[in-house]
Amino acid sequence: MKVKTYRAPTMKQALEEIKKDLGPDAFILSGKEIKPKKILGVFGKRVFEVTAAVDHGNEEELSVRTPALETEKSQDHVQFSEEAVKRGNSSKPAHAPVELSPVVSELLPPVGIQTMLDEIRSLKNMIQARPESSERSRPAISRMSHPFSHTICAEVYADLVSRGLDEELAHDLISGTAHRGSAKTPAAKAALKRKAAMTLTRRLKVAKDLIKERPGKGPRVIAFVGPTGVGKTTTLAKLAARAVLEDQLDVGLITLDTFRIAAIEQLKTYAEIIGIPTKVVETIPQMRGAIGEFGSKDLILIDTAGRGHRELGAQPEIAQFFSQSQHIHKSLVLSATTKQTDLSDLMKRYTIFGPNSVIVTKLDETETYGQLFNELLRAGQPLAYVTVGQNVPRDILNPNPGKLVSLTLGMGDVTWETFVGMPTPTRPVSTQGHRKAIELCAGAR
């Protein structure tokens, strides 16, 4: 083996000299930049010092003899050559020698071959230990590479996916409004996105205002079902306050949520402020009796216990009662902060209650709403209300499909401020007591 040190003004010149002298199979053992010294007030020229070696066949492989390497059955063979870079070798470290080239930069760190081998071995172990990629772990957009040949379509598709719409829905929206022109301008992109938004708006089902709907006989009965922590009780209070203060309805409240004592106290507090009666029940027969006692009311709102979606097996009797009660409107309450996979699971599991509509809460606690469209369209359920805060009764809105889609896709002049702007109530508050109730409810949590 021949080992030799070279100095040159640049790294490239040093490598050329090594290649010329030792040949293309030379190994780089170390390299560093020697900073110029100041002589007579003037800095000298910088110099690159590179130590190289070449094996003339006396040994099978260049080895660095250290105790750590002696214990290994096989050694890493690291070859630095310009030829490897030119070939663009992409062999994996786990299966083939790693070929690198110092011609990546003119500044090669002053590091020895042992350090390089240790770093490469560590990187190899990381790659080998990495689990195989799965469909679940990949970014959503990676599963459908280049879905559109036209640049504008591909860009709008990527934008829809980045805003929470799943690939299938985004692809369907773009395919249904295909861009047939050749223009690739921002205006063409905006036009295609508007078409996709219009298609999405048409597909979104919206329920009529639940508290304004009247059955043929008897009171309107609405039950709120859903997992714990989504805001069922607060949502019920918002609708109760709106029904009493704006629509002048006679309202009664029933709660099945005896699982949390705080929930009962919270609902009673709301009811006392608004001035409406509340009944606490524990069984289905008791609930039937409470509904009968409120038979002269205009509206009956039922609060149910929030359970984790994997605990629904503990409520078979309640679920069966609601699913078979056609005169009761069941509204599934979901949080906008729920991640996509859990949201899909919740929608499927709560079908045992026979929900007629969906209420989405906590819209103010997230900036991504696309997952809501995925599940609403997949389940075919109409959206009844969205809530945008905790203030009662102000922060509940009848959904406007166009505005909701525009907010989701970041289009037009629809901002969060314009989206949550509440219209002036059509009916004025008639008494000072009602004004006081509004003030109290606005501060309740």
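## Nonpolar cores

In this predicted model, the largest nonpolar core has 60 residues. A nonpolar core is a set of buried Ala, Val, Leu, Ile, Met, Phe, Trp, Tyr and Cys residues joined through side-chain atoms within 4.5 Å. Buried means under 20% relative accessible area, exposed means over 50%, and partly exposed lies in between (1.4 Å probe, protein chains only). The residues with the most contacts inside this core are Leu160, Ile254, Met287, Ile302, Phe322, Leu363 and Phe419. Helix 5 (residues 151-162) supplies the largest share of the core, six residues. Helices (H or I, at least four residues) and strands (E, at least two) are DSSP runs, numbered from the N terminus.

Leu363 is in contact (heavy atoms within 4.5 Å) with Ala336, Tyr369, Leu372, Val386, Thr387, Val388, Leu404, Trp416 and Phe419, leaving aside its neighbours within four places in sequence. A second, separate core has 30 residues, among them Leu245, Ala271, Leu301 and Val333.

## Basis of the model

Residues are numbered from 1 along each chain as its sequence is written, and side-chain values use heavy atoms, with hydrogens and water left out. Because the model is predicted, local features need pLDDT of at least 70 and side-chain atom pairs count only at pLDDT 80 or more, while totals for chains, interfaces and linings use all residues.

Eight strands form an open sheet of mixed pairing, in the order 10-9-11-8-12-13-14-15. Two strands pair if DSSP finds at least two bridges between them. Strand 10 (278-280) and strand 15 (396-397) are the edge strands, each pairing on one side only.

Within this sheet, strand 13 (residues 357-361) and strand 14 (residues 383-387) pair in the parallel sense over three bridges. Tyr385 in strand 14 is the bridge partner of Ile359. Helix 12 (residues 340-349) packs on the sheet, where it touches strand 12 (328-335) and strand 13. The direction of helix 12 makes about 165° with that of strand 12; axes are lines fitted to C-alpha atoms, for helices over the stretch in contact, and angles run from 0 to 180 degrees between N-to-C directions.

An open sheet of three strands has antiparallel pairing and the order 1-5-2. Strand 1 (2-8) and strand 2 (27-34) stand at its edges with a single partner strand each, so one side of each has no neighbour in the sheet. Direction ignored, neighbouring strands of this sheet are turned by 15° against each other on average.

Strand 1 pairs with strand 5 (residues 47-54) in the antiparallel sense over seven bridges, and Ala8 stands opposite Phe48 in strand 5. Helix 1 (residues 11-22) lies across strand 1, strand 2 and strand 5, and runs at about 145° to strand 1.

## Loop residues

Most residues other than glycine have a negative phi, and most peptide bonds are trans. Gln248, in the loop between helix 8 (232-245) and strand 9 (251-255), has a positive phi of about 55°. Lys362, in the loop between strand 13 and helix 13 (370-379), has a positive phi of about 60°. Gln248 is partly exposed at 37% relative accessibility, and Lys362 is partly exposed at 23%. The peptide bond from Val392 to Pro393 is cis, with omega near 0°; Pro393 is found in the loop between strand 14 and strand 15.

Asp209 lies in the loop between helix 7 (186-203) and strand 8 (220-225) and counts as buried at 12% relative accessibility. Leaving aside neighbours within four places in sequence, Asp209 is in contact with Arg242, Tyr385 and Asn398.
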